[in-house]
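Reader: I've got a new model open and I'd like to talk it through with you. Can you take my questions as they come?

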Amino acid sequence: MLDDAKVRGALMVRDASVEFAGLKALDGVSLRLEPGEILGLIGPNGSGKTTTINAITGQVPLAGGTVRIGERIISGLSPRKIALLGVARSFQIVRLFNNMTTLENVETAALARGDSRRIARAKAEALLHDFSLERHRDDLCGTLSYGDKRRVEIARALAAEPSFLFLDEPAAGMNVAETDALLDILRALPAERGLGLLIIDHDMSLIMRLCDRLQVLSSGRTIAEGSADEVRTNRDVIEAYLGSGADD
Amino acid sequence: MDFAIQFIINVLSLGGAYALMALGLVLVYGILKLVNFAYGELIMVAGYTLHLVGGSPLPWLVMAAVAVVMAMVAGLATDYVAFRPVRAKSVTAVLITSFAFSTLLQNAALLFISPRPRSVPLPEIFSQSVMIGGMPTPMRDIITIVAAVVLLGLFAFLMQKTVLGIAMRAAATNFTMARMLGVPANLIISSAFAISGLLAGVVGILWIGRIGTVAPAIGLEPLLIAFIACVIGGMRSLQGAVLGGFILAFIDTTLNYTLSQDLLKFRDAFTFSLVILILLWRPEGLMKGPASGQRT
């Protein structure tokens, strides 16, 4: 099953374009994600954040541009192939296997990569521990609370031992305590597992506290890049969020 | 008391056969959200294989094994011929290709074997009886119950404890997500068809064991039974299919015992009326299964 070993190197998106029936959802976006860093992808609704993830993971085809991991071009491969090359993601709307237990959900991701039953079970148990989900180990995922479901989804993505992990609004629907607990877990991930983490979220305080670097999209284009402070004071960003003339 | 034992054995043996039939159908449906209308022909293939190897000196169990293997091969062929080439394109296309494959197999049997029923070899034990609670009970009923228990047990083990089973359940809940995690879709689908063929093959032998002959249209009734059992139990749930099979058998057997000779001709009308009532009460079937029922 693992004919492709994971490729080493940074994830690089070059001039990616995506069109939906002639409408440009992404218009030449470039992005670089290094193993071990946390990149925040922000922007107003409809700016192309989720589309960027969909394009990298192969769920929507690129109209132009390339996606590479190190020297290996991954754009054009099937979502399954890309997943096996070490790219994992979570979804804005949680997509769990609702009639399977929490443990089985996490296990499935490890099994799909070719792990044995024993190893997959051990990995899943360890992840449930990391995410404080042990008490839901044998509960069907459909019965979990919203916050728990989101954590299961992240644990499941990690069970595949990805080199790059994309989280689409991981804290949506969580209360403050849950968000803080998640933040602690996420902050430690890149160093612990040597993975590159890309996060989309509307919660600016979460993004600002978590990310090493931010990239701002608007109407399918990159309008700013840099540290939290650089982005916060950028005129284009203020304009994109608040509309032009906001400071008049 | 005697009557009760007799009744229970009847329900269990008929229900076991119905449950296995329904399971084979719903297994493929669960993953692809498509009904395999060529499912009945897998039973036909098992029957004709048994007929064709009937003249050989092989022991009966070997012949039966060959018949089951041929049903599995036919199941895999259904995937490759009727489903895989058009699967991604449209539901309607698959509906038609699976009907076409069913017709093709039936007509091949008409043309190359015979339109008339052909006998199949059956071991002595199928026509023997044992006394249970003072009533003569056909051995084939006992064999059916044992076979159903063994197969349902093996099936439950496969789905709960093996990598293939977990992957199949994941694929049945959310096919797209399973693929995204790296579950090999084609392998999972082919496995589902092969297991579906295995169940059809065993049921085929038990079913034909009741009649003693095989004819080209023999698959129609099992297909209908399986379909109705799935609808009663809930199309999205494996347990539902098994439950539906036993409920349908319970209804059929009860009617067999209670209807007068004149009314017995119309048994199916009574059965279907009850099925309609069940569906009015629970339109999605008795067991709901995973929340997302759309094709993914």
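Reader: Let's start in chain B. In which sense, left-handed or right-handed, does α1(B) cross α8(B)?

Author: This is a predicted model, so everything here is read from predicted coordinates. With that said, where α1(B) passes α8(B), the crossing is left-handed.

Reader: And are α1(B) and α8(B) roughly parallel or roughly antiparallel to each other?

Author: For α1 (residues 2–32) and α8 (residues 185–211) of chain B, the axes are 9 Å apart and the packing angle is about 165°. An angle over 145 degrees counts as roughly antiparallel. So α1(B) and α8(B) are roughly antiparallel.

Reader: Still in chain B, which residue in the hairpin of β2(B) and β3(B) takes a positive phi?

Author: Strands β2 (residues 129–132) and β3 (residues 135–138) of chain B run antiparallel and are joined by four bridges. S129(B) sits opposite P138(B) there. The hairpin has two residues between its strands, and the one with a positive phi near 60° is G133(B).

Reader: Over to chain A. Which strands are at the edges of the six-stranded sheet?

Author: The sheet is open with mixed pairing, and its order is β6-β7-β8-β3-β9-β10 in chain A. Inside it, β3 (residues 38–42) and β9 (residues 213–218) of chain A run parallel with four bridges between them, and L39(A) stands opposite R213(A). An edge strand pairs on one side only, and in this sheet that picks out β6 (87–89) and β10 (221–226) of chain A.

Reader: Chain A has a four-stranded sheet too. Which strands there have a single partner strand?

Author: The order is β2-β1-β4-β5 in chain A, an open sheet with antiparallel pairing. Within it, β1 (residues 11–20) and β4 (residues 64–69) of chain A pair over five bridges, with T66(A) as the bridge partner of R14(A). The strands at the edges each have a single partner, so one side of each lacks a neighbour in the sheet: these are β2 (23–33) and β5 (72–73) of chain A.

Reader: What angle does α1(A) make with β2(A)?

Author: α1(A) packs on this four-stranded sheet and touches β1, β2 and β4 of chain A. Its direction relative to β2(A) comes out at about 70°.

Reader: How many residues does domain 2 of chain A give to the contact with domain 1 of chain A?

Author: The division is domain 1 (10–86 + 162–248) and domain 2 (94–161) of chain A, with centres 24 Å apart over C-alpha atoms. Domain 1 of chain A puts in ten residues, and domain 2 of chain A puts in ten.

Reader: Last one: which element gives the largest share of the side of chain A that touches chain B?

Author: In this interface, 20 residues of chain A are in contact with 17 residues of chain B. On the chain A side, the elements giving two or more residues are α2 (79–84) and α3 (102–112) of chain A. The largest share is six residues, and they come from α3(A).

Technical notes:
Residues are numbered from 1 along each chain as its sequence is written. Chains are lettered from A and ligands numbered from 1 in the order in which they are written. This is a predicted model: local features need pLDDT of at least 70, side-chain atom pairs count only at pLDDT 80 or more; totals for chains, interfaces and linings use all residues. Two residues are in contact if their C-beta atoms, placed from the backbone, lie within 7 Å. Two strands pair if DSSP finds at least two bridges between them. Domain bounds come from an automatic or database domain assignment. Axes are lines fitted to C-alpha atoms, for helices over the stretch in contact, and angles run from 0 to 180 degrees between N-to-C directions. Angles under 35 degrees count as roughly parallel, over 145 as roughly antiparallel, 65 to 115 as roughly perpendicular and the rest as oblique. A crossing is left-handed if the near helix is turned anticlockwise from the far one by less than a right angle, and right-handed if clockwise.
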